Amino acid sequence: MSSHDTEPNTEPRTDPSADPRDDKPQFVLPLVVRIEKDAPPARTDALETAARAVLRLLTDERAAGEGEWARAVADWEDARIRKVVRRARGAEWRRAGALPGITVTGAAAEVRVFPPVPLDGWPKELAKLQVSGTDLDDPAAPGPVPDGAAVLWLNPGLAMSAGKAMAQAGHGAQLLWWALDGAARTAWREAGFPLAVRTAAEADWPALAASGLPVVRDAGFTEIAPGSATVVSAFPGVLDAPGAPVAGNLK
């Protein structure tokens, strides 16, 4: 579960090595979730916080124009859109917090996102962190989707660890951001990026995945098969597609 790559709206590949993006320098977006032994966050809270963390980085002034992160972000987006989720606690979390990045807090979850780094050039403070051990649970079923929130629908047929699902939620948020027009982006950002991560009902997933909304397709290097559709991103009233199930029909 060391890397999570996205291929938005593409057909499954039979030969991962044939992708032209593989010839470019490879970068990864590191995300670190705080998981203390006695107070782990709820799974959905962690997924939603990771998604907002990706959006916060993409819209940070340091990632645009002549900003100090702009070149790294551009190089990262020019190759595979890799995201890696690692866990930290105690002193590990404090050391990670001393590196340039952005910490985003959810209901209880804390996720810190860092500017992209070369695939083989992680800062030592992050390279030491564990990828395994990010399994999380929801103590109670997530509540209804808040009014006006974007929805990142998870594929109900795929079993993903929390770390994998956090990366996929981040992919879904990124594709949704790219799909919105300027006015919608401004409104969403000014509202604080309200969003919800929910698992679609099995009966609704086929129509949702074929609706024309942004779809994340995994490269298949970890956990799931290449080309698997993992997330469909929707923004009711802002980004809709004919035939897409409405929020009330899904859970």
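Modeller: A crossing is left-handed if the near helix is turned anticlockwise from the far one by less than a right angle, and right-handed if clockwise. Helices (H or I, at least four residues) and strands (E, at least two) are DSSP runs, numbered from the N terminus. The model is predicted: local features need pLDDT of at least 70, side-chain atom pairs count only at pLDDT 80 or more, and totals for chains, interfaces and linings use all residues. Residues are numbered from 1 along each chain as its sequence is written, and side-chain values use heavy atoms, with hydrogens and water left out.

Colleague: Which hand does the crossing of helix 1 and helix 5 have?

Modeller: The crossing of these two helices is right-handed. In general, two packed helices are described by the angle between their axes and the distance between the axes. Axes are lines fitted to C-alpha atoms, for helices over the stretch in contact, with angles from 0 to 180 degrees between N-to-C directions. Here the axes of helix 1 (residues 43-58) and helix 5 (residues 162-179) cross at roughly 40° and come within 8 Å. Helix 1 is therefore oblique to helix 5; angles under 35 degrees count as roughly parallel, over 145 as roughly antiparallel, 65 to 115 as roughly perpendicular and the rest as oblique.

Colleague: Which residues in helix 1 meet helix 5?

Modeller: Contact means heavy atoms within 4.5 Å. Helix 1 contributes Arg43, Ala46, Leu47, Ala50, Ala51, Val54, Leu55 and Leu58, which meet Ala162, Ala165, Met166, Ala169, Gly170, Ala173, Gln174 and Trp177 in helix 5. The residues of this contact comprise 13 nonpolar, two polar and one charged. Ala, Val, Leu, Ile, Met, Phe, Trp, Tyr, Cys and Pro count as nonpolar, Asp, Glu, Lys and Arg as charged, and the others, Gly among them, as polar.

Colleague: Is alanine 167 buried or exposed?

Modeller: Buried means under 20% relative accessible area, exposed over 50%, and partly exposed in between (1.4 Å probe, protein chains only). Alanine 167, which lies in helix 5, has a relative accessible area of 0% and so is buried. Its C-alpha atom is separated by 9.4 Å from that of valine 54, 113 residues apart along the chain. Of the 251 residues in the protein chain, 53% are buried.

Colleague: How many residues has the largest nonpolar core?

Modeller: A nonpolar core is a set of buried Ala, Val, Leu, Ile, Met, Phe, Trp, Tyr and Cys residues joined through side-chain atoms within 4.5 Å. The largest has 49 residues, and Leu31, Met166 and Trp188 have the most contacts inside it. Another core, of 12 residues, lies apart from it and includes Val28, Val32, Trp93 and Ala96.

Colleague: Where does phenylalanine 193 lie?

Modeller: Most residues other than glycine have a negative phi. Phenylalanine 193 has a positive value, near 55°, and lies in the loop between helix 6 (182-190) and strand 8 (195-199). At 3% relative accessibility, phenylalanine 193 counts as buried.

Colleague: Where does threonine 230 lie, and what is glycine 212, buried or exposed?

Modeller: Threonine 230 lies in strand 10 (residues 229-234) and counts as buried because its relative accessibility is 0%. Its contacts beyond four places in sequence include Trp153, Leu154 and Asp218. Glycine 212, in the loop between helix 7 (205-209) and strand 9 (215-217), counts as exposed at 66% relative accessibility.
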